[in-house]
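Student: Could you take a close look at a single part of this model with me, and tell me what surrounds it?

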Protein chains: 2
Amino acid sequence: MNDLEIAQKAMMWPITKVAANLGLNPDDFEQYGKYKAKLNLDVIADKAPTKHKLILVTSINPTPAGEGKSTVMVGLGDALNLRGLKTVIAIREPSMGPVMGMKGGAAGGGYSQVMPMEEINLHFTGDIHALTSANNTLAALIDNYIQRDNQIGLDPRQIIWKRAIDVNDRSLRNIITGLGGRINGIPREAGFDITAASELMAVLCLATSISDLKQRVGRIIVGYTTEQEPVSVADLGFADAITILLKEALKPNLAQTLAHTPAIIHGGPFANIAHGCNSVLATKAALTLGDYTVTEAGFGSDLGAEKFLDIKTPVLGRTPDAIVVVATVRALKYNGGQKLGELTNEDLEALRKGMPNLLRHIANMQQYGYQPVVAINRFTSDTQAELELIKQECAQINVTAVVANSWAKGGAGTLDLADAVVSATANPVSFQPLYDHNDPIESKLQTVVTKTYGGSGIVLSAQAKRQLRRISDNGWANLPVCIAKTQYSFSDDPQQLGAPAGFEVTVRELIPKIGAGFIVALTGSIYTMPGLPATPAAVNMHIDAEGKVEGLF
Amino acid sequence: MNDLEIAQKAMMWPITKVAANLGLNPDDFEQYGKYKAKLNLDVIADKAPTKHKLILVTSINPTPAGEGKSTVMVGLGDALNLRGLKTVIAIREPSMGPVMGMKGGAAGGGYSQVMPMEEINLHFTGDIHALTSANNTLAALIDNYIQRDNQIGLDPRQIIWKRAIDVNDRSLRNIITGLGGRINGIPREAGFDITAASELMAVLCLATSISDLKQRVGRIIVGYTTEQEPVSVADLGFADAITILLKEALKPNLAQTLAHTPAIIHGGPFANIAHGCNSVLATKAALTLGDYTVTEAGFGSDLGAEKFLDIKTPVLGRTPDAIVVVATVRALKYNGGQKLGELTNEDLEALRKGMPNLLRHIANMQQYGYQPVVAINRFTSDTQAELELIKQECAQINVTAVVANSWAKGGAGTLDLADAVVSATANPVSFQPLYDHNDPIESKLQTVVTKTYGGSGIVLSAQAKRQLRRISDNGWANLPVCIAKTQYSFSDDPQQLGAPAGFEVTVRELIPKIGAGFIVALTGSIYTMPGLPATPAAVNMHIDAEGKVEGLF
């Protein structure tokens, strides 16, 4: 059976039962269909008891071989519950752009999935659509402001607020709007980002309340006046309307795994072009309701986990109690040079060559003060010798590596990992952030590139240098940095696998996201709007007369 | 109290209770929050018993004075229930573009509202967002197809599929996409319509099942090849994926009025730039579940009702049993020349001068075979003499005119109208469509303009003439016409109030909407993407720390 078939055959509990098991009353949530709910914000404690444990799951760099971080995370949650520990998982909601494009659905796999898989991947409870509509309402209000009296003197050439859409559409990256004469607006260069990379997505994911949401929305800088003064959403008087459009989307969503572990699924920023973590409120909700919270950060430790620990953690008000790094034999061999078609053949040499990728991800977590647990996500082709090699190399640096059979066996296949993680949460952590937010922007970028990516330093484009001056002049230099970089390599070149060193990272643009509270650095040739592949996933989908869907995953 | 305050203070029934009162089982619907639900398609009978009565509510031309068609419709539904008749109302869902722009929320008013008003006006159950995302996914797939191998030979200069968004954004009417070089697509002229005017909205509103939805989506013409051959969504292989994105949106939504009358709210095409009727499935659901169904068609009888009777009725498989035309003293006086600031003063002369507007709307319904009931939606400033004048002029042509006090008193204020409507449904109707679908396109346009608008004929632009030839050549001439025209006048000039005659209507463009199954005719200077006013409604909205909203209506 493929993932969708397993999902379609699963017996879900009514979401009311999942909620009741968490100790929630019917007034604590609102149903969205039989198997989804939105949690009311008043069930979320601002500070959950510290004995409630937070486990962060990250991974090595993704490869076409597949890593299965979500699968392991779901399996881990299920396994902890099998051990009698009240566990909640907290993850991001998938963007539909990739579902229709290259990636297919994102909700774990095999017997470690979140449910209802189809709905989670298609519209879900509408959060991303609410963000899209709020984003574009703001864009329309801005263009209308310029078209009308424009009292503030917003410069049409300096509007940095982009439109957003949850579609992979390269044709919308660079457009000209407002053509057709006076009644059709003012012609200007514009563009769309995918909603997962939008500032409002980050704002939603970092907001801690309706008030905080409104303040963050108000702080967003949309552009500059002809006098070079920054103009915020609050300056224009649009903060309340935009917040109103997001007030339901701010509530975390409740779903379940195949094994009925509660899954809080909320916020969907990509980790390569955004901060890559589910919402602060989702994590807080899980921490309030569960003794153990298993959460994820997107892609490798260089992207999602770095942003989790340097951007999300200060807002969340606490740090993880343990960290899991997911790896696979296949992906490490691919990093070590084995060809994609040959990954089912044992190749200890390629595996050994690929290990430095894992080791750097481990080291990355160590520099924050963690001794991570390595989860080897098992594929059927893995040989015992290959699995042992990973375990031994990890053991040499006192890191526990555990085989997780989450795809084939769900929680029952992930019990060893669960035990290792529970042990790890007992170790004291002396958390050390990677950088001080008060360091200069360039120094923060330099720190991430040298300490986490393993590079030698950064190069700023002429445009980035101009933008950096403006950021400093406006007093925004004390914000953390959110680096947009390819997920496939520690460097900004997707071809450099393994653990490259000595490279420089080119920063193309520095974009102030004052509502989110960070400065985005675009590196290499990363796009904030993906394109569709030659054969989009959409063309292989099928729906029958009863509405049954095939080919979604 | 204003409408929003009345709505916020209302005691709603749980939607489970509203559904149970309709005889629905818990498996017949899915909750979306405590007060909204989506109905499963299998509760909808293809043919409801003919003894179940269908009542269509239309109105005179809208004016800035306000007509309150939705208010009267809701009051009528409540009144019929007060009379012990099992009644369901079936209406459209509001677009958020106007909510943020000029119009404010749309869900009735005073004590005749549908609930939960705020949610219905903001995102609701996500149907319009699903349409937006399906629409733009299709656009991205088309541009990607051209960017890739383009085997069919789609001509980038002849793509008629536009993007869509549920925002009033004039800057998106005319744009250039695909700028920035090879990897960013093929530069071409493009544009956005508001989602309420999109072909997918019409497709959703006219589809009778998942299969029919897929077939309609497949039939949509997205453009032409360099050889001038039309290219459909099915030709490109995208019909299934787009249908998958719409499968939940196809299910009608259940809500309630303040008096707990079930309200099926589904589909939101504007009547000036689209076909202006709620979905066929919503109307069928109401007809299945209620002994009386009260439904609406947008704006005046020249727009929504004409399209209801000539486009929707053949798909619905039945015609209304009675028709109500809503008028107000104020709006008729405005039509008769009284100034906006003076409408609270009695002015029988202006009222007499404005009456021809009402009389033509009555005559419009008579030519389909109906003797409509006139509902005079009462405002506090109306004088007895003014109300009597309307009644008398109607009585002279044997039309019953009844005062409806729906805003101030809800169903209790609308009982007389309910009684008149029940009487009207007892009269046999010999339904006569305005035109034969097999008439030539030009003749169908001519018929609507001369028989319904009261004009002397049509003028086709050079572009419309070219498009007409193409429509005929491709065998689409037997489709009905969906005329996009200003709602403020019978003519295509919004300044011509009352009952103008002798005017010609200029058809600017003829656009084939083969999935919807009609030919759109754009007249005058009507836009399929509205703009925002100088002071958008958005700037007067407020949200407090608990999420309570003010200024939405």
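Tutor: A65(A) touches R330(A), A331(A), L340(A), L343(A) and F379(A), leaving out residues up to four places away in sequence, where contact means heavy atoms within 4.5 Å. This is a predicted model, in which local features need pLDDT of at least 70, side-chain atom pairs count only at pLDDT 80 or more, and totals for chains, interfaces and linings use all residues. Residues are numbered from 1 along each chain as its sequence is written, chains are lettered from A and ligands numbered from 1 in the order in which they are written, and side-chain values use heavy atoms, with hydrogens and water left out.

A65(A) sits in the loop between β3 (53-59) and α3 (69-82) of chain A; helices (H or I, at least four residues) and strands (E, at least two) are DSSP runs, numbered from the N terminus. With a relative accessible area of 6%, A65(A) is buried, a word that stands for under 20%, whereas exposed means over 50% and partly exposed in between (1.4 Å probe, protein chains only).

G68(A) also belongs to the loop between β3 and α3 of chain A, but G68(A) is partly exposed, at 26% relative accessible area. Apart from neighbours within four places in sequence, G68(A) is in contact with V326(A) and N377(A).

In the unreviewed UniProt entry, the annotation "binding site" covers T63(A), P64(A), A65(A), G66(A), E67(A), G68(A), K69(A) and S70(A); UniProt positions are given in the numbering used here, feature names are shortened, and annotations may be inferred rather than shown by experiment.
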